[in-house]
Amino acid sequence: MRHDTLKTDVCIVGGGPAGLATGIALRQRGLSVVVADLAHPPIDKACGEGLMPRAAAALRDFGVALGPSQAVPFRGIRFIGEGKVAEGPFPHGYGLGIRRTTLHLALAERASEVGVQCLWGARVKGIGPGEVCLDSHQVRCRWIIGADGQNSQVRKWVGLDRGRPQVIRFGFRQHFRVEPWTDFVDVHWGSNCQIVVTPVSPNETCLVVTSRSPQLRLNEALKQFPELLRLLAGSPCITRDLGAVSALRVIRRVCRGCIALVGDASGSVDSLTGEGLGLAFQQAGALAEALAKDDLARYAVAHRRINRQPEVMSQVLLLMEKHGWLRCRALDALAREPHIFERLLSAHVGAFSPLEVGFGNIFKLGWRLAFSA
Ligand SMILES: Cc1cc2nc3c(=O)[nH]c(=O)nc-3n(C[C@H](O)[C@H](O)[C@H](O)COP(=O)(O)OP(=O)(O)OC[C@H]3O[C@@H](n4cnc5c(N)ncnc54)[C@H](O)[C@@H]3O)c2cc1C
């Protein structure tokens with residue numbers, strides 16, 4: 001087979017949200033970019049399909065314009081369970097519910113608009129110094145970026161730490177043809193699973209179930225949530241169930257030589273945080289900034305800063321997921337003290353630092369967790 005050779009500043013392995021966002025951010029700084037992905041757009045993936053406000057703002061910075069039929073704004077997060085409802089509106093801005101395929105198409109279109117050369121249906125088979133080998137091409141480049149998801153081959157080829165996954169869970173997603181009944185992302189807490197409900201268009205709602213069981217599908221899990229079944233009211237399910245692994249995986253080193261990792265390839269957080277895409281977009285900006293300044297070490301530092309807080313939030317949510325008594329008390333405390341939920345959420349979405357949650361509020365929450373009946 002004839003191998004064409006392409007030359008570029010940066011070659012990105014993986015054209016998912018992280019790879020495309022990085023490509024766009026690099027073009028915005030004047031570097032030439034090739035992105036290679038083994039699949040074709042629109043690439044689907046099991047996802048809660050909620051972009052937190054920071055991720056929605058990053059999309060706007062990348063110049064990705066979305067119309068009202070493509071995405072639905074939501075104004076906060078609601079925890080529902082144990083007979084309680086805790087509501088946390090965002091302090092500023094709004095999140096966006098968007099079908100994964102719609103998001104991917106919008107990013108892919110913007111990437112080609114700004115001059116990213118996208119090679120679809122192109123599997124990367126290996127990398128060498130300044131070189132990426134595809135089925136039918138060879139790409140010569142200065143920098144190689146691994147944006148090839150959780151089981152990153154680039155991470156393996158370059159010998160970067162796999163990062164032991166701390167907790168592995170499983171998510172299954174389906175869409176229903178029903179007008180959204182909420183302008184929040186609702187997280188329904190059950191005894192062994194959670195169902196996240198995200199409005200994704202004026203007449204479509206996404207439901208994803210997450211649990212520690214690879215067998216638990218949405219239709220089985222829904223039996224635990226009669227209120228949700230009532231709201232769905234027999235609405236037609238319009239997509240087949242699609243599964244993915246949700247892992248909290250912390251990776252200490254994300255760069256080596258002229259190679260860097262971004263998105264899930266560089267570590268991931270539990271899907272309940274709703275932060276995977278937001279992290280990928282922030283990392284994309286930081287990585288482009290570092291490459292434009294010819295200084296990858298900057299990216300390593302920024303990556304640690306970007307990931308730290310969502311990793312901690314993953315641990316907290318996973319404790320709630322694992323221990324029924326803690327879940328019960330936490331939901332009760334957050335429902336009784338809505339301002340604390342609001343402040344915790346504000347810290348989570350980066351509106352202010354965790355210290356600004358306030359020692360008084362932390363003490364009050366701790367008291368309720370320890371002593372509420
Ligand atoms: C159940 C679940 C729910 C979630 N819900 C949310 C949510 O509501 N909000 C949120 O922000 N995040 C959510 N996430 C996280 C989010 O989906 C991920 O963080 C995001 O997909 C990461 O994007 P990525 O581009 O890094 O990886 P991916 O989306 O996995 O893309 C990797 C790409 O690399 C390509 N690739 C792999 N190997 C090769 C190769 N050798 N050659 C060429 N191409 C290759 C693949 O085809 C793929 O397109 C959720 C995750 C799960 C599992």
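I looked up Ser 346 and found it in helix H10, residues 338–348; helices (H or I, at least four residues) and strands (E, at least two) are DSSP runs numbered from the N terminus. The model is predicted, with local features needing pLDDT of at least 70, side-chain atom pairs counting only at pLDDT 80 or more, and totals for chains, interfaces and linings using all residues. Residues are numbered from 1 along each chain as its sequence is written, and side-chain values use heavy atoms, without hydrogens and water.

Is Ser 346 buried or exposed? I noted a relative accessible area of 3% for Ser 346, so it is buried (under 20%; exposed is over 50%, partly exposed in between, 1.4 Å probe, protein chains only). The side chain of Ser 346 reaches the backbone oxygen of Glu 342 at 2.7 Å.

Next I turned to the ligand. I listed 33 residues around it, of which Asp 37, Gly 48, Gly 50, Arg 100 and Leu 277 come nearest (a residue is near if one of its heavy atoms lies within 4 Å). By class, I noted 14 nonpolar, eleven polar and eight charged residues in the shell; Ala, Val, Leu, Ile, Met, Phe, Trp, Tyr, Cys and Pro count as nonpolar, Asp, Glu, Lys and Arg as charged, and the others, Gly among them, as polar.

Which element gives the most to the shell? I found that E16 does, with three residues.

I then checked distances from ligand oxygen atoms. One is 2.6 Å from an N or O atom in the side chain of Arg 100. A polar backbone atom of Ala 18 is 3.0 Å from a ligand oxygen.

Note on methods. Polar contact = N/O pair within 3.5 Å; in protein donor to acceptor, adjacent residues only side chain to side chain.
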